[in-house]
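User: Hi! Could you walk me through this one?
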Amino acid sequence: MISASSLFRDRLFYKIILPVIVVGLIVSFISIKFLIPPLVASLQNQTDNALYHTSDLLVSICEERFDDLIELRLDNDKQMQDAYLQEAIHQIASLEQIHPKIKTLVLKNGENLLNSSTSFSEINRNTIIDAIHSSKGSIVETTLFGEKVRCLGQYYPFWNLHLVSFITEKDYNEPALHARNIVVFGSFGVFSAVVITLLLAFVWRINIPLRRIIAATSDVAAGKFVQTKISGRDEIAQVGKAFNQMVQSLQDDKEQINTILEKLSDSEEQYRILTENTLAYVAVLANEKCLFINKRMAGALGRTADWIKQNDFFSLIHTEDRQSLRRIIAELSEGKSVEKNVECRFVKNNHDVIWVELQANRVMYKNAQSVLIHAMDITERKSEQERREKLELQLEQAKRLEAIGTLAGGVAHDFNNMLGGIMGAAEMLALHLPENSDTLKYQKLIVKSAGRAAALTEQLLTFSRSNPKTSTAIDLHNIIKETLVLVQNTIDKRVSLIKDFQAKKSTISGDPSQLQNMFLNLYINGAQAMPEGGDLSITTCLVNLDDSYCKESGFGLQPGDYIEIIIHDTGEGIAQEHLTRIFDPFFTTKTQEKGAKGTGLGLASVYGTVQQHNGAIFVSSQIGAGTTFCIQLPLTNEVVSDPLGSQEIVKGTGCILIVDDEEIMRSTAQEILANLGYEILIAENGEQALEIYEREKDKIDLILLDMIMPVMNGRDCFFELRKLDPSIKIVLTSGFTRDDDLNDMRESGLNGFIRKPYGRAVMSQVINEIMAE
Amino acid sequence: MGNLKVFSLTIFFFVVLFGHSMAFSTESPILVGATVSLDGEYVETSAMIQLGYKMWAEEVNSRGGLLGRNIKLVFYDDKSKPELAREFYRKLIEEDGVELVLSPYGTPLTMAASEITEKHQKVMIACASAAPKPWERGYRYLFGIYALADRYFISFLDVIARKGFNEVAIVNEDSVFNNAIGNAAARWAERFGVKVVYHKRFKEGTVELPQIAQELKAKSLDEIIFSAYPPDSYSFINELKKLEYKPRSLGMTIVPTYPQFYEKVGSYAEGIFGISQWESDERIPFPGTRQFIANFQKFTGQVPSYHAGSAYAECQILEEAIRKANTIDHDKIRDYVSGLDAMTVIGRFKVDQTGRQIGHNPILIQWQNGRKEIVYPRKMKTKDPIFGVTISNDQ
């Protein structure tokens, strides 16, 4: 709702028109007040003049006729005088056409010559004549025919005429009344016309152009440089023209500004892109305060730019680098030259460390001497470098261990075969000796020593992964628990065993005995590292290892789900130089440092066990803080079976072909199996085995095949036999077999595997089981 | 002997004065004769007439003459005496052999001169005779230019009657011309309803006028008509001034028309009416009037009076008649003039069978603010008449 006062305030239109109306009304009233009286007087004067004029005309007519009479010398002719008089009267009568309101009387001897029917009494006649004489040529007011009149009379002596002109009061005042009405209505009419014209002119010539200009102004304010339409040359048009020039100027200016802004924007954008999106960290420092920091750097530090500006910038520097960087900044501020590139560390808000390669220069920033810091994040490069170094170390270690393993494996294999012969011969010796013979105690000594030697070679073979494992699904947590029970009573009571099984799954495919040995070795090592006691924790968890991790691990891992076992002791720790050789066979510090006995094969066998189970093992240690072993083993979905077989001797029947290049092994096997009730055939190599099988295939029920043989090894012989008879039952025996070969043969229908050196019980159970199939 | 000497000197004077005109004509000039009053009561008016004649002759000769011949004027001084006028006109015709005659000034001289011209059948257009008597003699070669005396005071009486003044006094010289005026005024006063309460004729102005003036004052007569030649007119005014008497309306003949009238009588002239045949006023609407006034002033250095204008009009009519007749045959000239109805520089010219002017009417002038104003007739008036002008201190 717009109030009248605001309308007046806000609209130029009303500001102009209302005063015009007020002034117009005042002028109209004043005009009427002061115009009418003189106008009426003027009109009355005009009427009087007309009366005078008419009177003069009357005289003039008479004069003219008289002049004619005189000029024509007819003034003595009575008839002509009368004729001229009549002519004059006639002409006077026609005067009413000129002034209809003005009446005339021509009196001659008391009679009105204009109208013969009008005769005046003596009184009336004298009244008129007296009025004429008293007027002395001026208008007088008198009463004629009962009506007030304004009268003017003249005497024309030649014809003795009284020439009277008169007008009634009513007719006399009528023009004045008309004039009054005309003035009143005319004034208001003119005023109205002026106001309307002014309104229209204002609207047309001022309001509309102004509105156009206002609209154009709004457009300009809105950023649209629209010029207003101009017509005419008046002041408004000049304003419009000036406005258009201004708009043009503004437009030009804006275009220039836009151009400049674009350049500035480009420049700012370039600057912003360079500073904000540059890979570098940029900051400006003055008096140890950060004046500017780019987003990348602030984001990398996990802080806001404001926070960094408000706090000590050097609190973001790693404590080890803080002093040196402070020195560099100080020297720069003093104008000294400093080293070009400095590697240092920033600390993020989550205490992570960012490695940077930093450059600093003196700059003027906001008119103040400042130091520009330009730093490149080299954290990844540093990590990569560390990782590469670690990897190289691991590879070097792996290669070294591989070489050692190969060597150890070969020795252990031969040694194992010899032990096999010693043990077999000793056992066979016992069969040939009386039960109460004194010699039996030597025989038992031989078997016992051979057994210890076999255990030693077992560890060697495990390390070299030449010791074929029995692969079965087992619950690793059970293995850990069983081994913890075993070790609990043997280690120092001051050592606390802490078990934390976080892994929800713990089934792996592996050899239970090897795994038991592995954990026992690790527990004992950990406990021995804590002579004063401490915590020995075993923690499991599940991890998923991706391809890159697997590739970088150096253990030939396959991507997938793994169970991670972390065994941590709070012992003395291992020196860094020892850490790289810890898995080397026969490497031990126990003798030297502690006086404890050690074969140097414990951790080597651990390493071999992990590798044989397709896993990975890492060790980290810090002097005084303890050592941590991290083992990752692949999970399996197989169902856990009974891990340990019985020592029962199971006899059987059937024909068995024994294939082995070692004579002692052939003899041992032949003795055991024959003793168990089986018929025995012997082949010294693969080719011979094929010949025998072709000849005796109907008789042979099972082939006991050695793996490593000259002429034709066990693998080739296996596949040839399968060709001859895919259904023939073949059991592989070996103390050193590559898992790949074993797996291939299993996939091709290998019926069983017995690890050398084998005992009678294992042999009887496996053979009996397969023969029963 | 004395008269002869004067005559001889006069002839010599005019021949010398206009001799140069003859030198340019191949034919003998037309001798045009007239008398002028270089002495007597008509001196002032006659001088104006003579100048009018001379200017006309100059103009005709400058245009190549009349009928191819120059005009040569022959004047004799009649000393305002009719007998001398009669003698000189005889001489002009019989001895000098003038082919054309021009009129002298005044009715007495015109009557005397016309006796000779009529006898010799010479056309005379009288430029300065307003009395009716000259045309009551049956003359055939005499024509008048002036409105006659009986018309003189019509205008004055009309004016005072319409003003409501119903009494008038008439004083006139006991002469042909002035008696005619006085008698006619009395008749017209009656017709306008104005009563003539006093009518006096005088013979010897210097003797009678003081008495008359005293009587007029004694009777408190406000409207007065006075008709006489200039000397008596000035005397009458002097008598009135002596009596410090100024009538409300005073109408006079001749002298008020003189341009020098105001100088002679002073501010007493204010309000005095005068009867004039014509006025040297550029507002006069007749053809050639303005040019005539200008030429006359250039020729003489004076403002022409109606006498000069009348003389020039006389010459215009005579020249026109000769040119139309293409001969100086006076019978043909007479016939032409008799039927002429034309406008001259002083107004209409039309005569009746007696030769009396009937086309021209006198005008009424009044001195107002030191200047002659025409107040009658209506068509020519330059001012309305005023009445009752009092005597101012300088009077």
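Analyst: Happy to. A residue counts as buried if 20 or more other C-beta atoms, placed from the backbone, lie within 10 Å of its own. This is a predicted model, where local features need pLDDT of at least 70 and side-chain atom pairs pLDDT 80 or more, while totals for chains, interfaces and linings use all residues. Residues are numbered from 1 along each chain as its sequence is written, and chains are lettered from A and ligands numbered from 1 in the order written.

User: OK, how much of chain B is buried?
Analyst: In chain B, 54% of the 395 residues are buried.

User: And chain A?
Analyst: There, 30% of the 773 residues count as buried.

User: What about helices and strands in chain A?
Analyst: Chain A has 22 helices and 22 strands. These are DSSP runs numbered from the N terminus, with helices being H or I of at least four residues and strands E of at least two.

User: Switching topic, how many residues of chain A touch chain B?
Analyst: 12 residues of chain A are in contact with 12 of chain B, meaning C-beta atoms, placed from the backbone, within 7 Å.

User: Which element gives the largest share on the chain A side?
Analyst: H2(A), with five residues.

User: Now, how do E6 and E7 of chain A pair?
Analyst: E6 (residues 280-286) and E7 (residues 289-293) of chain A are antiparallel, over four bridges; pairing takes at least two DSSP bridges. A:Ala283 has A:Ile293 in E7(A) as its bridge partner.

User: What's in the turn?
Analyst: Two residues separate the strands of this hairpin, and A:Asn287 in the turn has a positive phi of about 55 degrees.

Technical notes. A residue is buried if 20 or more other C-beta atoms lie within 10 Å of its own, exposed if 12 or fewer, and partly exposed in between; C-beta atoms are placed from the backbone. Two residues are in contact if their C-beta atoms, placed from the backbone, lie within 7 Å.
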